[in-house]
Amino acid sequence: MNQQQEDHASLEDRILRMAATDASDLPDFPDDKSDLPSDFEYHPEDYEQDEMEIVEEISESELLKYLDQQESGLSVAQRLFYHELNTTEYQRHSGSWDLSCLTPEAVEELYSKGWTELEGQLDLDTLRGAHNESVQLLEQGQFIPASSFSENDPSRDTAARDDSILWFDPENQADHQKGIVDTPPHFQKILEFIQGPLMHDIRQMVRLNGRTEYQLAYFHPEGAKYERHRDALPTDNPADTHQRRITVVFYLNPGWIADHGGEVKIYSRPDDHGLPEGAERIVKPLLGRILLLMSGAVDHEIMPCHHPRYALTAWMR
Ligand SMILES: O=C(O)CCC(=O)C(=O)O
Ligand SMILES: [Fe+2]
């Protein structure tokens, strides 16, 4: 762990700090122990229990708001990078960064804004094939409403999303009860790209320490949307295996036009006064476009869809 990281509280510490400030029933501990009632016994475990209950009660968005007030999610997420990429010193050597598919500009943008877009990484045949496979999976009834997964993660506001999802498991441990299906051949190629060149590049730049999951989402054309949210809590702990670190979204919508809707709105990060620092940005879900996000740093939303919309999301931990 480097000096920079030691100076910052871990995610757990920051959450517990909040719990402690909210817990008005915590005793004011006097320096002079004689102020305590004579029969008072302090069992720290009792209060730790209270703190945990408070953490469970607050919603994910409230928790994020509080964490952002302590430090912006982007600053926290930037410490997952091995280097400070926005220095002239580091950028001068960008030609020698060992990248197989990403450009140095894309990596710099991911670092400095928390997100970037890529194009032209996969051939049209694979992309069109994956779109056709998505339609087949829908016709086979393989998708499950995302909101029905809420019991797995009580802090997630699953009412915020109208999409239906399924999971690909590269080891092909199909379990249809849990929404896991065999990976069809064109999706297999996309997964190979993610696990190969893309993972290679991201690993060079960002500390990863966990498994990657693959979710295919279908948004129905009767206005399905996904309200503003973030994919993870901001963490800079290299040992964390739980929080998602990088979100990769592959759009699979041939012939997309503005009337189809389903654009992604990317929210600008808040400044020191909690106000948006810049304008919101729109990403169109065009076939072959890829959106990369620092999962703990960037709020985003999916606008209402007026045409079937498919996207594959990979979350790297
Ligand atoms: O489909 C997209 O554009 C993004 C999906 C997303 O935000 C999510 O699944 O968390
Ligand atoms: Fe998301």
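Before you click around, a word on the model. This is a predicted model in which local features need pLDDT of at least 70 and side-chain atom pairs count only at pLDDT 80 or more, while totals for chains, interfaces and linings use all residues. Residues are numbered from 1 along each chain as its sequence is written, chains are lettered from A and ligands numbered from 1 in the order in which they are written, and side-chain values use heavy atoms, with hydrogens and water left out.

**Stop 1: the whole chain.** Show the cartoon view. The chain has nine helices and twelve strands; these are DSSP runs numbered from the N terminus, with helices (H or I) of at least four residues and strands (E) of at least two. Of the 317 residues, 49% are buried (under 20% relative accessible area, with exposed over 50% and partly exposed in between, using a 1.4 Å probe and protein chains only).

**Stop 2: strand β3.** Select residues 164–168. Five of the five residues in this strand are buried, so β3 is largely enclosed by the rest of the structure. Ser164, Leu166 and Phe168 lie on one side, with Ile165 and Trp167 on the other.

Two strands pair if DSSP finds at least two bridges between them.

- β2 (residues 144–145) pairs with β3 in the antiparallel sense over two bridges, and Pro145 stands opposite Ser164.
- β5 (residues 213–219) is also antiparallel to β3, over five bridges; here Leu166 faces Leu216.
- β4 (residues 180–181) runs parallel to β3, joined by two bridges, and Phe168 stands opposite Val181.

**Stop 3: an open sheet.** Next, select β6, β11, β8 and β9. In that order, these four strands form an open sheet with antiparallel pairing. β6 (226–229) and β9 (281–283) are at the edges with a single partner strand each, so one side of each has no neighbour in the sheet. From one strand to the next, the twist averages 15° (axes are lines fitted to C-alpha atoms, for helices over the stretch in contact, and angles run from 0 to 180 degrees between N-to-C directions). Zoom in on β8 (residues 264–266) and β11 (residues 300–302), which pair over three bridges. Val264 is opposite Ile302 there.

**Stop 4: ligand 1.** Keep Val264 and Ile302 on screen: both are among the residues around ligand 1, along with others including Gln215, Arg309 and Trp315 (a residue counts as near if one of its heavy atoms lies within 4 Å). Then show Tyr251, where an N or O atom of the side chain is 2.6 Å from an oxygen atom of ligand 1. The protein covers 97% of the 290 Å² of accessible area that ligand 1 has on its own.

**Stop 5: helix α7.** Finish with residues 104–113. The buried residues of α7 include Val107, Leu110 and Tyr111. Among the elements covering the buried residues are α9 (185–205) and β7 (246–251). Just after the helix, click on Gly114, which takes a positive phi of about 90°.

How values were computed: Contact = heavy atoms within 4.5 Å. Polar contact = N/O pair within 3.5 Å; in protein donor to acceptor, adjacent residues only side chain to side chain. Areas by Shrake-Rupley, 256 points an atom, 1.4 Å probe, with all protein chains shown as cover.
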